[in-house]
Amino acid sequence: LTTDRAAPVIGDTGRGSVQAAKPSGHSDDGELAARWREIHGSNNWEGLLDPLDAVLRGELIRYGEFAQVTYHSFDYDRFSPYCGSCKYPRRELFARLGMADAARGYAVSRYLFATSNIRFPNFFPQSRAGARIWSQSANWIGYVAVSTDEESAVLGRRDIAIAWRGTVTRLEWVSDLMDFLRPVAEEGIPCDDPEVKVLAGFVDLYTDRDPGCRFCKYSAREQVLTEVRRLVGRYTAAAEDVS
């Protein structure tokens with residue numbers, strides 16, 4: 001699941017910890033493990049939306065919290081040498097945000113970074129910390145996380161979660177203004193259907209790269225596909241179900 005603006009979390013003041021309650025249906029009763037394909041839309045959520053199925057509701061909240069993490073941990077402090085990056089190391093991400101359940105159940109396997117070849121003066125969040133700035137062109141955009149062995153037993157499969165941050169920086173708002181659609185196939189993304197299109201501003205952030213930057217030498221698209229392929233290959237080789 002992706003979101004441009006994450007839903008508010010109970011107790012959320014815009015700063016500090018994410019208070020992540022254990023979602024409905026995410027328990028040891030085995031219901032989620034037995035129904036995960038249905039919950040993920042194998043039958044187009046027929047009969048699950050009105051009224052909203054309790055297990056589906058729990059999963060929506062759980063994945064929403066993964067997205068909320070990207071907002072709480074993004075460093076927008078202009079005096080920080082890590083402005084534009086993540087405040088926390090990936091191995092400590094959930095724990096530092098007070099998400100005890102996620103910290104036990106998932107491990108962040110890779111951070112994701114994006115750049116844009118659109119150049120506007122002062123539109124990237126530039127640190128005022130001088131020469132110690134971590135990158136002149138990259139922005140932290142999200143992460144890939146994978147469920148632990150214990151969590152996978154509850155979920156009924158090995159779960160790979162990709163969490164994207166939505167619009168925060170000024171450059172990203174400028175990209176959002178590029179609200180015309182371009183055919184996906186023209187952006188170097190394999191697609192046999194010429195009618196499939198994507199928002200121009202997003203696809204720039206998704207596919208642009210900076211060969212001179214260690215964080216965005218590869219595009220956000222290349223980063224996430226490489227990591228997902230690695231994880232899928234690892235767990236399917238062990239004969240696991242992977243979502």
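These exercises walk through the fold, one part at a time.

The model is predicted, so local features need pLDDT of at least 70, side-chain atom pairs count only at pLDDT 80 or more, and totals for chains, interfaces and linings use all residues. Residues are numbered from 1 along each chain as its sequence is written, and side-chain values use heavy atoms, with hydrogens and water left out.

**Exercise 1. The whole chain**

Task: State how many helices and strands the protein chain has, and in what order they run.

Solution:
- Start with the rule. Helices (H or I, at least four residues) and strands (E, at least two) are DSSP runs, numbered from the N terminus.
- The protein chain has eight helices and five strands.
- From the N terminus the order is α-α-α-α-β-β-α-β-α-β-β-α-α.
- Now look at burial. Of the 243 residues, 46% count as buried (under 20% relative accessible area; exposed is over 50%, partly exposed in between, with a 1.4 Å probe and protein chains only).
- Then look at contacts (heavy atoms within 4.5 Å). Among those between residues at least 6 apart in sequence, 65% join residues at least 24 apart.

**Exercise 2. The open sheet**

Task: Find the order of the three strands in the open sheet, and name its edge strands.

Solution:
- Two strands pair if DSSP finds at least two bridges between them.
- The order is E1-E2-E3, and the pairing is antiparallel.
- The edges are E1 (106–114) and E3, since each pairs on one side only.
- Neighbouring strands are turned by 20 degrees against each other on average, direction ignored.
- Zoom in on one pair. E2 (residues 139–147) and E3 run antiparallel, joined by five bridges.
- Tyr143 stands opposite Ala163 in E3, and Ala145 stands opposite Ala161 in E3.
- Check the cover on E3 (residues 160–164). Four of its five residues are buried.
- Last, find the helix across the sheet. H2 lies across E1, E2 and E3, at about 45 degrees to E3.

**Exercise 3. Two helix pairs**

Task: Decide whether H1 and H2 are roughly perpendicular or roughly parallel, then describe how H7 and H8 are set to each other.

Solution:
- Axes are lines fitted to C-alpha atoms, for helices over the stretch in contact, and angles run from 0 to 180 degrees between N-to-C directions.
- Under 35 degrees counts as roughly parallel, over 145 as roughly antiparallel, 65 to 115 as roughly perpendicular and the rest as oblique.
- H1 (residues 31–39) and H2 (residues 54–72) pack at about 80 degrees, with axes 10 Å apart. They are therefore roughly perpendicular.
- On the H1 side, Glu31, Leu32, Arg35 and Ile39 meet Val55, Leu56 and Glu59 of H2.
- By class, this contact has four nonpolar, no polar and three charged residues. Ala, Val, Leu, Ile, Met, Phe, Trp, Tyr, Cys and Pro count as nonpolar, Asp, Glu, Lys and Arg as charged, and the others, Gly among them, as polar.
- H7 (residues 200–207) and H8 (residues 220–237) pack at about 60 degrees, with axes 5 Å apart. That pair is therefore oblique.
- Leu205, Tyr206 and Thr207 in H7 meet Ala220, Arg221 and Val224 in H8.
- This contact divides into four nonpolar, one polar and one charged residue.

**Exercise 4. Around Arg182**

Task: Locate Arg182, and identify the residue whose side chain it joins in a polar contact.

Solution:
- Arg182 is in strand E4 (residues 181–183).
- A polar contact is a pair of N or O atoms within 3.5 Å; within protein, one must be able to donate a hydrogen and the other to accept it, and residues adjacent in sequence count only if both atoms are side-chain atoms.
- The partner is Asp204, at 3.1 Å.
- Leaving out residues up to four places away in sequence, Arg182 touches Glu187, Val196, Lys197, Val198, Ala200, Val203 and Asp204.

**Exercise 5. Backbone exceptions**

Task: Find which peptide bond is cis at Pro51, and where Asn44 and Ala239 lie.

Solution:
- Most residues other than glycine have a negative phi, and most peptide bonds are trans.
- The bond from Asp50 to Pro51 is cis, with omega near 5 degrees. Pro51 lies in the loop between H1 and H2.
- Asn44 is also found in the loop between H1 and H2. Its phi is near 55 degrees, a positive value. Asn44 counts as exposed, at 62% relative accessibility.
- Ala239 lies in the segment after H8. Its phi is near 65 degrees, also positive. Ala239 is exposed, with a relative accessible area of 70%.
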